[in-house]
Amino acid sequence: MSILVTGGAGFIGSNFVLDWIAHVGTPVVNLDKLTYAGNLENLANLHDDPRHIFVRGDICDRALIDDLLQRHKPRAIIHFAAESHVDRSIHGPGEFVRTNVEGTFTLLEAARAFWSSLPTEEKDNFRFLHVSTDEVYGSLGPTDAPFTESHPYEPNSPYSASKAASDHLVRAWHHTYGLPVLTTNCSNNYGPYHFPEKLIPLTIVNALAGKPLPVYGDGQQVRDWLYVKDHCSAIRRVLEAGKLGETYNVGGWNEKPNLDIVHTVCTLVDELRPKPDGTSYSTQITHVSDRPGHDRRYAIDARKIERELGWRPAETFQSGIRKTVQWHLDNPDWVANVQSGNYKDWVARQYAQ
Ligand code: NAD
Ligand code: DAU
């Protein structure tokens, strides 16, 4: 039985596809539009693997989704595809509404039609798992308790508002139509294949390139960091045992101010790739203007998923960030291609024959 993954060429989606093939091994139909954030080079190890079926396409294309569902009859849809970068949403919110809201709506409608047509046993086993974010809950004060699943929705950026809207659609499709949905709201991920527009990979690649390491405002904004492979295992666990219609918060129990993150990365790069002149990469840190409407603090209370499904992250921040820095040092071609834009040619080069 296959699964349909949307956005499986992005950062988390590609880690999930690799993780799924390694741990579960059943076929994955991977639907991805290959926007600037989609990189098939992430999935190069699956090039000759018949269990990975890549389809370039848009989640707003209802006819395409209907066709894929009829052709592959997946037992589940794992929905990652989204515009995901807050700064881009500030400059151009339209694409966020289109993909995150309209795309999720289109996928839900196609899933509902497909699911309604299934025989009883397959209908009972079908799942629609929606991958969402902690940003839908808004911003916390320094002493506020971390977000639980019942925290009110208070999205502050065009990105988080569009993700909040998609969460509401998913919820409504369960309550109104009985679609068997599950939603996960996760904190900040980091790890391999992370596009270097986000804080951690940007810091690593800019450090190595001798460029400034931009820190917004005072750098005291707090995020809760989770190694991406732990997010993948949480999604597998929710898919396997999550209660229909429920949401599960996923986090790393690892709140840190941005400036600490940047210093930690610099210290690791100092150790693993010391500068010839002996100075620290931290000398490249540059404070720049703050992000408009910048949320001050996110923190996830991940006790529900631990209590009900027995999931906890396997990595500590120390182990995960070391692996992440080492991965970037071990994969200079990936880093170079993503920086030069050559990763866009990957499909043509790799699939030329
Ligand atoms: P990403 O930007 O790295 O990847 C998004 C992928 O979706 C890309 O491959 C892109 O080509 C694809 N895509 C975009 N628009 C599409 C469309 N219209 N049709 C089909 N494919 C499309 O994102 P990510 O960081 O991997 O995040 C994946 C999901 O996880 C998102 O839904 C995001 O909201 C959520 N999330 C991310 C984080 C994080 O820290 N990155 C944390 C929590 C939740
Ligand atoms: O919390 C989950 C969210 O985490 C996901 O839903 C988003 O898809 C994902 O992009 C991420 O959002 P953030 O805005 O938290 O991630 P980003 O890496 O862009 O920024 C992390 C923090 O670092 C944030 O407070 C802004 C700051 N920052 C970011 C960049 C890119 C800087 O100080 N300098 C930078 O150059």
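Trainee: Is Trp-173 buried or exposed in this structure?

Mentor: A residue counts as buried under 20% relative accessible area, as exposed over 50% and as partly exposed in between, using a 1.4 Å probe and protein chains only; Trp-173, at 11%, is therefore buried, while Phe-105, at 38%, is partly exposed. This is a predicted model, in which local features need pLDDT of at least 70 and side-chain atom pairs count only at pLDDT 80 or more, whereas totals for chains, interfaces and linings use all residues. Side-chain values use heavy atoms, leaving out hydrogens and water, residues are numbered from 1 along each chain as its sequence is written, and chains are lettered from A and ligands numbered from 1 in the order in which they are written.

Trainee: How many aromatic pairs are there?

Mentor: Rings of Phe, Tyr and Trp (its six-membered ring) pair if their centres lie within 6.5 Å, with planes under 30 degrees apart called stacked, over 60 edge-to-face and the rest tilted; by this rule there are 16 aromatic pairs. One of them is edge-to-face, with the centres of Phe-105 and Trp-173 6.0 Å apart and their planes at 85 degrees. Phe-105 belongs to helix 4 and Trp-173 to helix 6, 68 residues apart, helices being DSSP runs (H or I, at least four residues) numbered from the N terminus.

Trainee: Which residue has its charged end over the ring of Tyr-36?

Mentor: A charge sits over a ring if NZ of Lys or CZ of Arg is within 6 Å of the ring centre and within 35 degrees of the ring normal; here Arg-88 does so, 3.4 Å from the centre of the Tyr-36 ring, and Lys-304 lies over the face of Tyr-248 at 4.7 Å.

Conventions
Helix = DSSP H or I, 4+ residues; strand = E, 2+ residues; numbered from the N terminus.
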